[in-house]
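Subject: Structure for you to look at

Dear colleague,

Here is the structure I promised to hand over, with my notes below it. Please keep it open while you read.

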2 protein chains.
Amino acid sequence: MVRFFAAKSDISDTMIKLSAQDASHIRSLRLRPSELFIVCDGEGLDYICRLAATRAQETGDVFAEILEAGSSLGEPSVRCSVFIAFAKGDRLDYAVQKSVELGAHDIKLFPSERCVSVPGDISKKTDRLQKIAMETAKQCGRGIVPEITALDSFKSAVGLAVLADLPLFFYECEKKLGLGAALDQRTAYSTVSIFTGPEGGFEPHEAEFAQAEGMLAVSLGSRILRCETAPVAVLAAIMLHSGNLA
Amino acid sequence: MVRFFAAKSDISDTMIKLSAQDASHIRSLRLRPSELFIVCDGEGLDYICRLAATRAQETGDVFAEILEAGSSLGEPSVRCSVFIAFAKGDRLDYAVQKSVELGAHDIKLFPSERCVSVPGDISKKTDRLQKIAMETAKQCGRGIVPEITALDSFKSAVGLAVLADLPLFFYECEKKLGLGAALDQRTAYSTVSIFTGPEGGFEPHEAEFAQAEGMLAVSLGSRILRCETAPVAVLAAIMLHSGNLA
């Protein structure tokens, strides 16, 4: 079923006001009156709807009639925050799209010493990535639209990441602790931070700082993953480990 | 260390003849005579080398002097063959690049009923993807260059896929067996087939055929992964499960 998101303020007991963009999307799909679609409140609640017969005369607003409500099935039981260092080209687009597909709860971008590219206009960049997150969340059936935010420093990123039950700092110079062992160390976790570096990896002093603050330095094995691949691989692995790939 | 691949026939006990392309790459890197690099034989053996002082006068061939040899560290212990249905645009490029990073042994493309795009010139497509595989194998430190082949039918793809210890057919209509449970069913596996569909998924009769031939129909959970994301997510999950992400 096609899927849309609506703000809670646009949802009443029986009707949902659709955004102009979604209304136009529905028109382009040429849905018949009997065809159903889903409107999600972005907080984990799905409404099965059909197009309401009438529209608001004055405003032209289009409404969906609620037939049934229930929890979104697309939300994993584990809450993963993905911290991605700024990267160049379309790498962030890719990392955001795939992270949303694989169940990331939110995505935070941060600067790191070896970043080859920090966007000049950060709000333009996050707006663009937020749109990608929205489109992906619709397509893959998420119950929330993961929020994309840009942090202004490496230290503030670590400060947030460390709050998770499992704060994982992926560092290619780490040779002892692999991801599998790190996950097995803490079998009961409900929040995870996945912290991955830029194209050239982290500086040693960044890794030291993160560990001193309480993050676990973790290796991803002997192959070197590209900066846009690492968060996606980790998310997939954690979803398997936490029973969310089934 | 920078990494190149050489044909076994170009490797002697003490010297390796570099391809014209690699020689030109080394020139562009301006390596000093003391700087080391790796030449891999593409069969899991790495040679630590330095640039030989002399080059062949007649041919202009450039040689690497072998200092040390040892097994490539970049090969996982489990051999995953990835079967990907033809897909449009750059989705195959992406799927191949990420599959090589995550340790795929080989990648096979196949037609499936809902494929929206099967390339007209298949050998041109596989050549292009083989180049992507080669570049990625160099960058991420693989000991082999995964071979890309195109198969001419869905049935021949199933016929090959079913030979693995764990022949996994990812099917979005499968509701019972998740990936985690499928992996736990067979704890000792050394070969895996990862079989994923095109943009619109598999036809029910394709899934029935694959299961009748002995493949396991497996679900990837409640979120719908894009066709280029599914093989990458599965590879990451299997690498974690088999102890190859550490």
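Across the interface of chain B and chain A, the rule finds two salt bridges, a salt bridge being a side-chain nitrogen of Lys or Arg within 4 Å of a carboxyl oxygen of Asp or Glu. Please bear in mind that this is a predicted model, in which local features need pLDDT of at least 70 and side-chain atom pairs count only at pLDDT 80 or more, while totals for chains, interfaces and linings use all residues. Residues are numbered from 1 along each chain as its sequence is written, chains are lettered from A and ligands numbered from 1 in the order in which they are written, and side-chain values use heavy atoms, with hydrogens and water left out.

One salt bridge is formed by the side chains of Lys98(A) and Glu228(B), at 2.7 Å from N to O. Over all chains, the structure holds 31 salt bridges. Lys98(A) lies in helix H2 (residues 91–101) of chain A and Glu228(B) in the loop between strand E11 (216–218) and H7 of chain B, so the pair joins two chains; here helices (H or I, at least four residues) and strands (E, at least two) are DSSP runs, numbered from the N terminus.

As for the interface as a whole, the contact (heavy atoms within 4.5 Å) takes 37 residues from chain B and 37 residues from chain A. The area buried between the two chains is about 2,900 Å², of which carbon and sulfur atoms give 58%; buried area is the accessible area (1.4 Å probe) that two parts lose on being put together, summed over both. Arg223(B), Leu240(B) and Leu245(B) supply 25% of the area that chain B buries against chain A, more than any other three residues.

Within chain B, the axes of helix H4 (residues 154–161) and helix H6 (residues 204–212) come within 10 Å and cross at roughly 35°, where axes are lines fitted to C-alpha atoms, for helices over the stretch in contact, and angles run from 0 to 180 degrees between N-to-C directions. Phe154(B), Lys155(B) and Val158(B) of H4(B) make this contact with Glu206(B), Phe209(B) and Ala210(B) of H6(B).
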